[in-house]
Amino acid sequence: MLPWKRALRPVAALLLAVVATVTPAVTATASVAAPAPTSGWNNYACKPSAAHPRPVVLVHGTFGNSVDNWLGLAPYLVKRGYCVFSLDYGQLPDVPFFHGLGPIDKSAEQLNVFVDKVLATTGAPKADLVGHSQGGLMPRHYLKFLGGAAEVNALIGIAPDNHGTTLLGLTRLLPFFPGIEGLLTTKTPALADQVAGSPFLTRLNQGGDTVPGVRYSVIATRYDEVVTPHRTQFLAGPDVRNVLLQDLCPVDLSEHVAIGLLDRIAFHEVANSLDPARATPTTCASAVS
């Protein structure tokens, strides 16, 4: 074996482990995990108020689901008077609990159906979307190719991989391991779609990052270890606001998971993006607001 191939064997093992997590170990974990209460969200009797006239649809990330990704943000928004809904998407056969793994274009079709349901139930003409990680990327396919721009006022992405990820450079080594690259594509299509330069991302970003009529916000953290480099999360185009968490609070150390699960500074900025007319400054003090 050539020396350089021997040196890259640990990288191959790491990528293979990512795929392996969605099979027996995932099933074993899911079998003992009980769904958490939704604490006031996914309440289809909720009617948007004059102060918050649009329902908020929360879109989980890869390996997430409609509950565990939103145990922090959903109650935060409900407490502030929003009608909040969340969906499961990207399910794979025989893989319960952990979702966001199927082809992203198909997941966008699921989002389309769910938004239609929320709008029909609430009577609102448009919704606002808030997504974490893949959940901030996937809706862009819905907006651009499935008519979502007519149904959505704003898309707020928390650590979204809008231009893919290199996983700290590891994905650049995939061509040296075609077996692993093929396994990602067949077993976890969403992971393959999120690799920087993938056919999915090339089509999505061709012609510009945004579509007319939708406001875009991106909230990123300098310490993101999953979507790398972190500035690839940012979008270009009209009606875009890109925010680096550490510009709001320099001592915020949240990484990719924490920014979406429990960072109240990020949550405050989400609330500002949902209602820019009533926005208040986001600072380190927002962590206790």
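This is a predicted model: local features need pLDDT of at least 70, side-chain atom pairs count only at pLDDT 80 or more; totals for chains, interfaces and linings use all residues.
Is cysteine 284 buried or partly exposed? Cysteine 284 is partly exposed, with a relative accessible area of 33%.

The chain as a whole may be considered before its details. Its secondary structure consists of 12 helices and 6 strands. The chain has 289 residues, and 52% of them count as buried. Among contacts with a separation of 6 or more, 76% are between residues 24 or more positions apart. The accessible surface of the chain is about 12400 Å², and carbon and sulfur atoms account for 64% of that surface.

In soluble globular proteins, nonpolar side chains tend to be buried together. In this model the largest nonpolar core has 35 residues. Val57, Leu111, Val115, Leu129, Tyr142 and Leu143 are the residues with the most contacts inside that core. Two or more residues come from each of the elements β1, β2, α5 (104-122), β3 (127-132), α6 (134-145), β4 (152-158), α9 (199-205) and β5 (215-220). Of these contributors, α5 gives the most to the core, with 7 residues.

The disulfides come next. A disulfide is a covalent bond between the sulfur atoms of two cysteines. The whole structure contains 2 disulfides. When the bonded cysteines of the chain are numbered in sequence order, their pairing is 1-2, 3-4.

The link of cysteine 46 and cysteine 83 is left-handed, with -80° about the S-S bond. Cysteine 46 lies in the loop between α3 and β1, while cysteine 83 lies in the loop between α4 (73-79) and β2, so the pair ties together parts that are 37 residues apart in sequence. Cysteine 46 and cysteine 83 are both buried.

The other disulfide joins cysteine 249 to cysteine 284, with a distance of 2.0 Å from S to S. Because the torsion about the S-S bond of cysteine 249 and cysteine 284 is about 105°, this disulfide is right-handed. Distant parts of the chain are linked here: cysteine 249 is in the loop between α10 (245-248) and α11 (256-261), and cysteine 284 is in the segment after α12 (264-274), 35 residues apart. Cysteine 249 is buried, with a relative accessible area of 2%, whereas cysteine 284, as stated at the outset, is partly exposed at 33%.

Leucine 248 is located in helix α10. With residues up to four places away in sequence not counted, leucine 248 touches Val243, Glu269, Thr282, Thr283 and Cys284. Between leucine 248 and proline 281 the C-alpha to C-alpha distance is 8.6 Å, although 33 residues separate them in sequence. Histidine 268 is in helix α12 and counts as buried, at 9% relative accessibility. Its contacts, leaving aside neighbours within four places in sequence, are with Tyr76, Thr280, Pro281, Thr282, Ser286 and Ser289.

Aromatic rings provide a final theme. A pair of aromatic rings is described by the distance of the centres and the angle of the planes. The structure holds 3 aromatic pairs. In one of them, the rings of tyrosine 44 and phenylalanine 85 have centres 4.9 Å apart and planes at 45°, so the pair is tilted. Tyrosine 44 is in the loop between α3 (24-32) and β1 (56-59), and phenylalanine 85 is in strand β2 (residues 84-87); the pair thus links distant parts of the chain, 41 residues apart. Tyrosine 44 counts as partly exposed, at 28% relative accessibility, whereas phenylalanine 85 is buried, with a relative accessible area of 0%.

Arginine side chains also meet aromatic rings. The charged end of arginine 80 sits over the ring of tyrosine 76, at 3.5 Å from the ring centre. Arginine 203 lies over the face of phenylalanine 145, 3.9 Å from the centre of that ring.

Technical notes:
Residues are numbered from 1 along each chain as its sequence is written. Side-chain values use heavy atoms; hydrogens and water are left out. Helices (H or I, at least four residues) and strands (E, at least two) are DSSP runs, numbered from the N terminus. Buried means under 20% relative accessible area, exposed over 50%, partly exposed in between (1.4 Å probe, protein chains only). Contact means heavy atoms within 4.5 Å. Accessible areas come from the Shrake-Rupley method with a 1.4 Å probe; for residues, only the protein chains shown count as cover. Rings of Phe, Tyr and Trp (its six-membered ring) pair if their centres lie within 6.5 Å; planes under 30 degrees apart count as stacked, over 60 as edge-to-face and the rest as tilted. A charge sits over a ring if NZ of Lys or CZ of Arg is within 6 Å of the ring centre and within 35 degrees of the ring normal. A disulfide is a pair of cysteine sulfur atoms within 2.5 Å. A nonpolar core is a set of buried Ala, Val, Leu, Ile, Met, Phe, Trp, Tyr and Cys residues joined through side-chain atoms within 4.5 Å.
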